[in-house]
Amino acid sequence: MENERIRIENLNKIFETRRQVIHAVKDVNLSIAEGEIVSLIGPSGCGKSTIIRMIDDLIKPTSGKIFVDGVEVTAYKRIPKEINRKIGFIFQIPNLLPWLTVRDNVAFPLKIYKIQSAELEAYVDELMEIGGLTEYKDAWPSEISGGVAQRIGVMRALVHKPEIVFMDEPFGALDTMMREQLDMEILNICKTMKKTVVFITHDVEEAVLLSDRIYVMGTNPGRIVKEVKMDFEGPRTLSLLTEEKFRDYCHELTGYIGKVDLSKIV
């Protein structure tokens with residue numbers, strides 16, 4: 001693939017407990033190009049989150065290879081710092097630091113990476129505005145709602161201007177209107193800055209709205225069963241939700257997920 005940023009080859013992850021062996025991810029192969037937004041969708045327990053955690057070195061694979069910008073990160077005991085610096089991770093739970101204000105939580109990665117500058121400080125305020133957080137900038141995490149906390153987690157992951165962004169169902173706690181608004185803002189940021197995005201979601205419509213390509217995963221073991229490329233003309237807007245082609249993609253993908261579930265019923 002031209003301008004490839006991420007490549008996974010024969011990736012496997014097996015979890016062993018006292019009672020069972022779980023093949024969470026089996027023989028996964030995929031490739032993601034620079035500037036692509038790729039979604040992983042499928043039933044709960046199909047290994048979607050496990051895959052991005054292995055790419056980001058939060059979980060070690062049992063076998064297989066992971067390449068980021070041509071560097072085999074699985075060849076290292078820990079992911080190289082120069083690769084880690086390129087990645088932003090938006091988790092399902094924001095895990096805010098209670099002793100920092102909302103603005104300081106958003107800006108916190110700048111201290112971790114030691115890359116503070118006037119330009120980035122201004123970018124913090126820009127992200128605060130995008131996320132609808134400006135009015136909460138001096139508030140403490142204990143004083144805000146769960147939805148606001150999740151928006152902080154989203155903007156915090158973008159503040160150091162990562163080139164690759166992993167998004168693990170980041171908007172699940174938000175209402176539909178706020179989720180759609182943030183979907184569009186994230187899409188605009190990522191496309192404008194040519195970020196590469198791997199998006200995990202249970203929401204088929206959200207995946208179709210945001211993605212260039214979608215991988216459908218199945219369970220027991222977690223594996224890729226289908227790849228679907230989105231083919232829309234012009235820029236993505238919320239008006240896409242009403243188009244017949246959009247509904248057709250949603251129906252097609254829902255059908256693949258349904259087939260996956262039904263195949264596991266004994």
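Helices (H or I, at least four residues) and strands (E, at least two) are DSSP runs, numbered from the N terminus. In these terms, helix α6 is followed by Lys 194, whose phi is positive, near 55°. The structure is a predicted model, in which local features need pLDDT of at least 70 and side-chain atom pairs count only at pLDDT 80 or more, while totals for chains, interfaces and linings use all residues. Residues are numbered from 1 along each chain as its sequence is written, and side-chain values use heavy atoms, with hydrogens and water left out.

- Helix α5 has 13 residues and reaches 19 Å from its first C-alpha to its last, close to the 18 Å expected at 1.5 Å a residue, where the expected span is 1.5 Å times one less than the number of residues.
- This helix is mostly covered, with 12 of its 13 residues buried, a term that stands for under 20% relative accessible area, whereas exposed stands for over 50% and partly exposed for values in between (1.4 Å probe, protein chains only).
- Among the buried residues of α5 are Gly 147, Gln 150, Arg 151, Met 155, Arg 156 and Leu 158, and what covers the buried residues of this helix includes β6, α3, α4, β7 and α6, with contact meaning heavy atoms within 4.5 Å.
- Helix α6 (residues 176-192) has 17 residues and spans 24 Å from its first C-alpha to its last, close to the 24 Å expected at 1.5 Å a residue.

**Arg 151**

- Arg 151 lies in helix α5 (residues 146-158), and it is buried yet has no salt bridge, the nearest side chain of opposite charge being that of Glu 135 at 6.6 Å.
- A salt bridge here is a side-chain nitrogen of Lys or Arg within 4 Å of a carboxyl oxygen of Asp or Glu, and in assigning charge Lys and Arg count as positive and Asp and Glu as negative, with His and the chain ends not counted.- The side chain of Arg 151 reaches the backbone oxygen of Gly 132 at 3.2 Å.
- Leaving aside residues up to four places away in sequence, Arg 151 touches Gly 131, Gly 132, Leu 133, Leu 174, Met 178 and Leu 182.

**Aromatic pairs**

- A search of the whole structure finds three aromatic pairs, where rings of Phe, Tyr and Trp (its six-membered ring) pair if their centres lie within 6.5 Å, and planes under 30 degrees apart count as stacked, over 60 as edge-to-face and the rest as tilted.
- The rings of Phe 89 and Phe 91 have their centres 4.2 Å apart and their planes at 15°, so this pair is stacked.
- Phe 89 is buried, with a relative accessible area of 11%, whereas Phe 91 is partly exposed, with a relative accessible area of 28%.
- Phe 89 also forms an edge-to-face pair with Phe 166, at 5.9 Å centre to centre and 65° between the planes, and this pair links distant parts of the chain, with Phe 89 in strand β6 (residues 87-90) and Phe 166 in strand β7, 77 residues apart.
- Phe 89 and Phe 166 are both buried, and Phe 89, Phe 91 and Phe 166 form one aromatic cluster.

**Loops and backbone geometry**

- The peptide bond from Asn 220 to Pro 221 is cis, with omega near 5°, and Pro 221 is placed in the loop between β9 (213-218) and β10 (223-229).
- Asn 220 has a positive phi of about 50° although it is not a glycine, and this residue is exposed, with a relative accessible area of 61%.
- Lys 114, in the loop between α3 (102-112) and α4, has a positive phi of about 55° although it is not a glycine, and Lys 114 is exposed, with a relative accessible area of 75%.

**Ile 79**

- Ile 79 is found in the loop between β5 (71-72) and α2 (81-84), where it is buried, with a relative accessible area of 13%.
- Ile 79 and Asp 57 are 22 residues apart in sequence and 6.1 Å apart in space, C-alpha to C-alpha.
- Not counting residues up to four places away in sequence, Ile 79 touches Ile 55, Asp 56, Asp 57, Val 73, Asn 84 and Ile 87.

How values were computed. A polar contact is a pair of N or O atoms within 3.5 Å; within protein, one must be able to donate a hydrogen and the other to accept it, and residues adjacent in sequence count only if both atoms are side-chain atoms.
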